[in-house]
Amino acid sequence: MTRWNRRMLLGALALLVPALAGCEAGLNAPTLDYHPAAFGAYANTNGISISNAFVLGPSLNGPTVAGGRAGVFLAVSSQHGDRLVSASAPGTASAVAITGGSVNLPPQALVDLTGPVPSVVLTGLANPLEGGETVTLNLNFAKAGTVTMAVPVEPHAYEYATLSPPPTPAPSPAKKKANPSASASPTPTATP
């Protein structure tokens, strides 16, 4: 093989390798579409930015039970500073609890509420949740007002397998009932 033929072969390979590696290139290539970094929901309203919000659903084995609990994971920031006061999930949960009460949002600082244990918990689920569905979540801020978003339910598997479901609340200690037949002091017995 001559020197000229080798150069032609190497030149052809140099052009052919990128063409073969980019076999998905074209007008319908997936790389031409915007893909979020994660599968969660995103919102940007009134100076509030919410990223990668999702509800941690059950494992792939089945749905959560109605009346149960589910964790919400998200990251939030405020352009001018704000406070996440409360949350609700109408039609999905009877209440939404924020661990530690409200969450302060310093100006232009990301507040990560992504766990591994959830800081936002849906309680009293109206229906079982399954991966792939969405939950309407209202996040109420002191200054920015309410941000409503459709948040996906992700199964407790794959990249979400290391996250923890919400802790089960400890049962409150039951008060002991007084036994009316028991007496605090012994009664004297009469002797004949």
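**Close-up 1. Phe54, Phe73 and Tyr160 are linked into a cluster by ring pairs.** The model is predicted, so local features need pLDDT of at least 70 and side-chain atom pairs count only at pLDDT 80 or more, whereas totals for chains, interfaces and linings use all residues. Residues are numbered from 1 along each chain as its sequence is written, and side-chain values use heavy atoms, with hydrogens and water left out. Two aromatic pairs are present in the structure. Rings of Phe, Tyr and Trp (its six-membered ring) pair if their centres lie within 6.5 Å; planes under 30 degrees apart count as stacked, over 60 as edge-to-face and the rest as tilted.

**Close-up 2. Phe54 and Phe73 form a stacked pair.** The ring centres of Phe54 and Phe73 are 5.4 Å apart and the planes meet at 20 degrees, so the pair is stacked. Phe54 belongs to strand β2 (residues 48–56) and Phe73 to strand β3 (residues 69–78), 19 residues apart, and the pair thus links distant parts of the chain. Strands (E, at least two residues) and helices (H or I, at least four) are DSSP runs, numbered from the N terminus. Phe54 and Phe73 are both buried, a term that means under 20% relative accessible area, with exposed over 50% and partly exposed in between (1.4 Å probe, protein chains only).

**Close-up 3. Phe54 and Tyr160 form a tilted aromatic pair.** The distance is 4.6 Å centre to centre, with 55 degrees between the planes. Tyr160 lies in the segment after β10 (145–154) and Phe54 in strand β2, so the pair ties together parts 106 residues apart in sequence. Phe54 has a relative accessible area of 3% and is buried; Tyr160, at 7% relative accessibility, also counts as buried.

**Close-up 4. Strand β2 is joined to β1, β3 and β10.** Two strands pair if DSSP finds at least two bridges between them. Strand β1 (residues 41–45) runs antiparallel to β2, with four bridges, and Ala41 stands opposite Ala53. These two strands form a hairpin with two residues between them, where Asn46 in the turn has a positive phi of about 50 degrees. Seven bridges join β2 to the antiparallel β3, with Phe54 opposite Phe73. Strands β2 and β10 run parallel and share two bridges; Val55 stands opposite Val153.
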